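The sequence and the coordinates are displayed below.

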Amino acid sequence: MFKSNFPKKALIMVVSLILLVSTLLVACNPTSQTFTDYPELPAKSEVSSNGGVAVEYGDYIYYVNGYVSSYTGSNKYEGDVALGNIVRISKADLDAIVAINDEDTTTSQKTEKISQQIYEKAQLVVPKVVYSGNTTDTTVTGIFIFGDKLYYTTPNDELAANGSVKYSELCIYSADLDGRNNTKLFTMTSNSLVMSMMENQSKVYAMYVETTATDTVKAGLYAVELTADKPEAKLVSEGATSVSFDSLTLSAYYLNGDGSICSYTAGDEQETVLVEKTKDSTMTYTIASNNNGYVYFKQVDSTNTSLKYGLLAIKKGMEKAVSVFADESKTGIYGYGEGVVLADKLAESALDVYQLVYTSGAAETILYVIPESSQSSAITINKIEGDTLYYTVDSKLYSLDLKKVIESETPAGEDDITFVAYSVASTSGWAQYDVVGEYVFSFSGDNVQAVKYNVDNEANVTTTVTVVVPDEEE
């Protein structure tokens, strides 16, 4: 029988030290999970309003529980919901809570009751802070649901070799829709990179832009298949600039290192050159926008800068770009198909008021998108997504189907125009306002708000839906 001469006291000290180190390692391990109070898995359903502050999935709205402006805070579960976590609430519960605003009580009583109900009804799903330092293109950030998974970004809380936390890096995670299987998929070198997530044929991709070259990383456009066994970054286009993303075509549009206009669709082997800039070319291209696969751009010939080409458009499969608008001095134009939409006081109109029209080329003919009228208020075009035009008049946001208007060559009627929201405000940090059903979700300071338009009063009803842990009663 083996007999040890190792002193018992020393042995006890070694064992104690091992236990202490193990405890510290577990405590410092950013992937250790202490959150176990998972909500029920929702019934399989459709996704709407993907990305941004909130996502609708079946009977639920998943949303970011407030805005976190600093990426150096705690990113661990500490026993209850925290600012920046992902929570969800049933649409029925949200409607009931918003209805509290109509009760005949004082404002403070309503606020207290709403806060209490939000805490009781909203469910914590992911106890990590959703964050992005990207303020360059806020249309692509937020939380996403693809298939049966929730995707989000959060600061890297691993330790560097010198013991500092890698907060300047950004991690992409996925989790089941009940919060289980919360898994780190990929880490980007900077938390401020512009990154867009897309799903193509049941595979989820992240496309992002490295803006600074290092000894180990080249600047340019990268793609990562997040659903792969071991997600790895693939350099799509070295030196890519002016990158914009389109979730409808699942593509990025940009200038490559040569200055050519290119596109890349998630899952493709390589980029597609739409307009080539040859080595001896004197042309310089500037991308204005993209929509439905079309890239709208301007060009300048360095040998004759006074020559004007107007706004041009091209898409994959076209051999040559087409002119969509001749007047280069005009601002506030939005490309659609092989033409443009603009809101202006038109010389062609008999009325000296604002009109919303579609035209192309030299604008010899125009099609009124909404009926010619005595609209004295300015019309602001917000954006065009696919075939849907969003525009604002008197602080009211509307949408309509441009394809239907153009194919019928008839202005949109009252039944064709959808009221979306009233007085949508800008929001904090990385996220724009997010239209989810009847609600507009947005950040206001640290809080997240759900805004619903009251038709009878023609005013917004704003409800703070940040889940806050109640103060303990003394």
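Predicted model: local features only at pLDDT ≥ 70, side-chain atom pairs only at ≥ 80, totals over all residues.

An open sheet is formed by 4 strands in the order β30-β31-β32-β33, with antiparallel pairing. Its edge strands are β30 (434-436) and β33 (459-464), each of which pairs on one side only. On average, neighbouring strands of this sheet are turned by 30° against each other, direction ignored.

Within this sheet, strand β31 (residues 439-444) and strand β32 (residues 447-454) are paired in the antiparallel sense over 6 bridges.

Another open sheet has 4 strands in the order β22-β23-β24-β25, and its pairing is antiparallel. The edge strands here are β22 (333-336) and β25 (366-368), and each pairs on one side only. Neighbouring strands of this sheet are turned by 35° against each other on average, direction ignored.

Strand β4 (residues 86-90) is mostly covered, as 5 of its 5 residues are buried. In a regular strand, side chains alternate between the two faces of the sheet. Both faces of β4 are covered: I86, R88 and S90 are buried on one side, and V87 and I89 are buried on the other.

Strand β4 has pairing partners in β3 and β5. β3 and β4 run antiparallel and are joined by 5 bridges, and I61 has I89 in β4 as its bridge partner. The pairing of β4 with strand β5 (residues 123-126) is also in the antiparallel sense, over 3 bridges. There, the bridge partner of R88 is Q123 in β5.

## Strand β20 and its neighbours

Strand β20 (residues 311-314) is likewise covered on both faces, with L311 and A313 buried on one side and L312 and I314 buried on the other. Strand β19 (residues 294-301) runs antiparallel to β20, and 3 bridges join the two. Here F297 has L312 in β20 as its bridge partner.

Strand β20 also pairs with strand β21 (residues 322-325) in the antiparallel sense, over 3 bridges. In that pairing, the bridge partner of L311 is F325 in β21.

## Nonpolar cores

Which residues have the most contacts inside the largest nonpolar core? They are Y63, I118 and F441, in a core of 44 residues. The largest share of this core, 4 residues, comes from strand β3 (residues 60-64). A second, separate core has 20 residues, among them V129, F146, I172 and Y222.

## Cysteines

How many disulfides does a search of the whole structure find? The search finds 0 disulfides. A disulfide is a covalent bond between the sulfur atoms of two cysteines.

C262 counts as buried because its relative accessibility is 0%.

## Aromatic pairs

The structure holds 18 aromatic pairs. A pair of aromatic rings is described by the distance of the centres and the angle of the planes. Why is the pair of Y152 and Y173 stacked? Its ring centres are 5.5 Å apart and its planes lie at 20°, and planes under 30 degrees apart count as stacked.

Y152 lies in strand β7 (residues 149-155) and Y173 in strand β8 (residues 170-176), so this pair ties together parts that are 21 residues apart in sequence. Y152 is buried, with a relative accessible area of 0%, and Y173 counts as buried at 4% relative accessibility. Elsewhere, ring pairs link Y391, Y398, F419, Y422 and Y453 into a cluster.

How values were computed: Residues numbered from 1 in each chain as written. Heavy atoms only, no water. Pairing = 2+ DSSP bridges. Axes fitted to C-alpha atoms, helices over the stretch in contact; angles between N-to-C directions. Core = buried A, V, L, I, M, F, W, Y, C linked by side-chain atoms within 4.5 Å. Buried < 20%, exposed > 50% of the residue type's maximum accessible area, 1.4 Å probe, protein only. Disulfide = S-S within 2.5 Å. Phe/Tyr/Trp six-rings, centres within 6.5 Å; stacked < 30°, edge-to-face > 60°.
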